[in-house]
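Here is a short report on a protein complex. The sequence and structure come first, and the interface follows.

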Amino acid sequence: VQHDTEQATQLAPLTHVARSTGQVYKREPEVERQIHDAISLPPSQLAGRAAAREDQPGYLSAEALAYLIRHFRREGDERTVNDLSGALVRRCESYVARKLYHVGTALLEECRDQVVFRLFERLLDFESDRGDFLQVRFWAFLNRLVADVVSAYAGLRDQIASSVSPAWVHGGELSEGEREEGVGYVPEPVSGDKVDTALLVQEALAMLEEPHRMVFVLRHYQGWPVESKHPGEPTISGYFGVTSRTVRNWLTTAEKRLAEWREERI
Amino acid sequence: MNRNNDTMRPAPLEEVLDEYVMAVGQPNHPALVEWVARYPQYEDELTRFTVEWARVDHAPDVPAESQAQIEAAVQRHMAMLRERGLLYSVERAPELAGLVEVAEAKGLTKKQLAEQTGLSVPLLTRLDRRLIRYASIPGEVVSRVAAALGSQAGAVALYLQGGPRFAQAVSYKADEAPTLPEQQDFAEAVRDDAALTPEQRAELLGLAGEQG
């Protein structure tokens, strides 16, 4: 039901203070405008707005929906809380599924459940201001949640991967026997044939297997060193617990496959 | 909340990760080194998180799920959120036979219902016959009617969203096809209603977000 105008013009303030800046989180002006526009609408109209796509008039951002869900929970209007929550979940589903695809079918559903549960646990927490982030940068928060859930399931994911693929694919060190047999051995990079990372697209990365793909992303997109003389500096070899030679082999494999892919495309 | 106290207490990992994502925007090694230096107690967690963040950030494009798959996932997750107590089940509001009918069943006349809700009898009748576009009806009016009828606001809202109804006890000549008047906006109906006092009209127009 419609709520009075005074409530609609005074949005509940954010209170969370960022440690690094000492500043209170702040909503985007556009988000506040959307909230003001939507908060007094009759329920049916509000549900319609929540379902609108970004290119449609009256679209409500996820940050605005986050505010409105909390607002109607405070008002005790559970029907509207349900309607808006359904709209928000619907927006997240395919995004989360895409981001979690790499965990594999065995874990996908469980990881998806975790992300949605933790999202709403945070969104509807009225005991603290932990939910403020969602009204400021919703999709960054969702990414953060996905990464966190993936991180928690990483051990299990790798265990499943190792049961279906040889060690050199999932990231283990080669045994002496495997080395001698040439399993997973990749020659040193061919000089002058360096992959132009600027031309690489998602499609190219998608055809790489793990850990080649991840090692390539860390090295070329994130700027991680293979190894470091500085103690405590995160390195690729340190992270994967393998020698720098193995990391270089993986990188070479990745670069070689990407070069082949590029040649095929041309 | 005291900001100084808040920022001086030891940082929980969850908060550090929130701020890390907020401040850095995209995962990258220099930022990781900086944040590990700032929170050495979370070196492992920050490193592991950054790797997974990069993985998620560079997730390969996969075929989009079908609408049916998405809908099934939404239903499953909504049920899960209810099961875990984060959302509450909302019973489907019972359908109302009509505003006036429900009022009469409770012993209220149309005039009494109009008085209790700050409406005129003609305006109430138009609402009862659903001759006013639902989207234009102020929520406050829906709430008042629901309160007077002792019904849920959702049930009244649901009723008002139905199609226009013929007037009760109206007979038509056999060779005349019955026609329904077109729906109008609430504000328009208020302006046209001569039975409203100037004060009532101004108040109702105010609720509809218009000047009296």
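The contact draws 75 residues from chain B and 72 residues from chain A. This is a predicted model. Together, chain B and chain A bury about 6,600 Å². Carbon and sulfur atoms make up 58% of that buried area.

Charged and polar pairs also link the chains. Between chain B and chain A there are 10 salt bridges. One salt bridge joins A:R90 to B:E71, with the closest N and O atoms 2.8 Å apart. Residue pairs in polar contact between chain B and chain A number 24, counting pairs with both residues at pLDDT 80 or more.

Which helices of chain B each supply at least two residues of the side that touches chain A? They are helix 1 (3–8), helix 2 (13–24), helix 3 (29–38), helix 4 (43–57), helix 5 (67–83), helix 9 (139–149) and helix 10 (153–160). Helix 4 of chain B gives the largest share, 12 residues. By residue class, the side of chain B that touches chain A holds 39 nonpolar, 14 polar and 22 charged residues.

**Confidence**

The predictor assigns the complex an ipTM of 0.71 and a pTM of 0.61. The values for each chain are tabulated here.

| Chain | Average pLDDT | Residues scoring at least 70 |
|---|---|---|
| Chain A | pLDDT of 79 | 78% of the residues |
| Chain B | pLDDT of 83 | 86% of the residues |

Over residues 163–176 of chain A, pLDDT stays under 50. The model has 28 contacts for residues 163–176 beyond four places in sequence. Residues 178–199 of chain A also have a pLDDT below 50.

**A residue inside chain A**

A:L142 sits in helix 8 (residues 138–164) of chain A. Is A:L142 buried or exposed? A:L142 counts as buried because its relative accessibility is 0%, and the cut-off for buried is under 20%.

What does A:L142 contact, leaving aside neighbours within four places in sequence? Its partners are A:C92, A:Y95, A:V96, A:V115 and A:L119. A:V96 lies 46 residues from A:L142 along the chain. The C-alpha atoms of A:L142 and A:V96 are 8.1 Å apart.

How values were computed:
Residues are numbered from 1 along each chain as its sequence is written. Chains are lettered from A and ligands numbered from 1 in the order in which they are written. This is a predicted model: local features need pLDDT of at least 70, side-chain atom pairs count only at pLDDT 80 or more; totals for chains, interfaces and linings use all residues. Side-chain values use heavy atoms; hydrogens and water are left out. Contact means heavy atoms within 4.5 Å. Buried area is the accessible area (1.4 Å probe) that two parts lose on being put together, summed over both. A salt bridge is a side-chain nitrogen of Lys or Arg within 4 Å of a carboxyl oxygen of Asp or Glu. A polar contact is a pair of N or O atoms within 3.5 Å; within protein, one must be able to donate a hydrogen and the other to accept it, and residues adjacent in sequence count only if both atoms are side-chain atoms. Helices (H or I, at least four residues) and strands (E, at least two) are DSSP runs, numbered from the N terminus. Ala, Val, Leu, Ile, Met, Phe, Trp, Tyr, Cys and Pro count as nonpolar, Asp, Glu, Lys and Arg as charged, and the others, Gly among them, as polar. pLDDT is the predictor's confidence in each residue, from 0 to 100. Buried means under 20% relative accessible area, exposed over 50%, partly exposed in between (1.4 Å probe, protein chains only).
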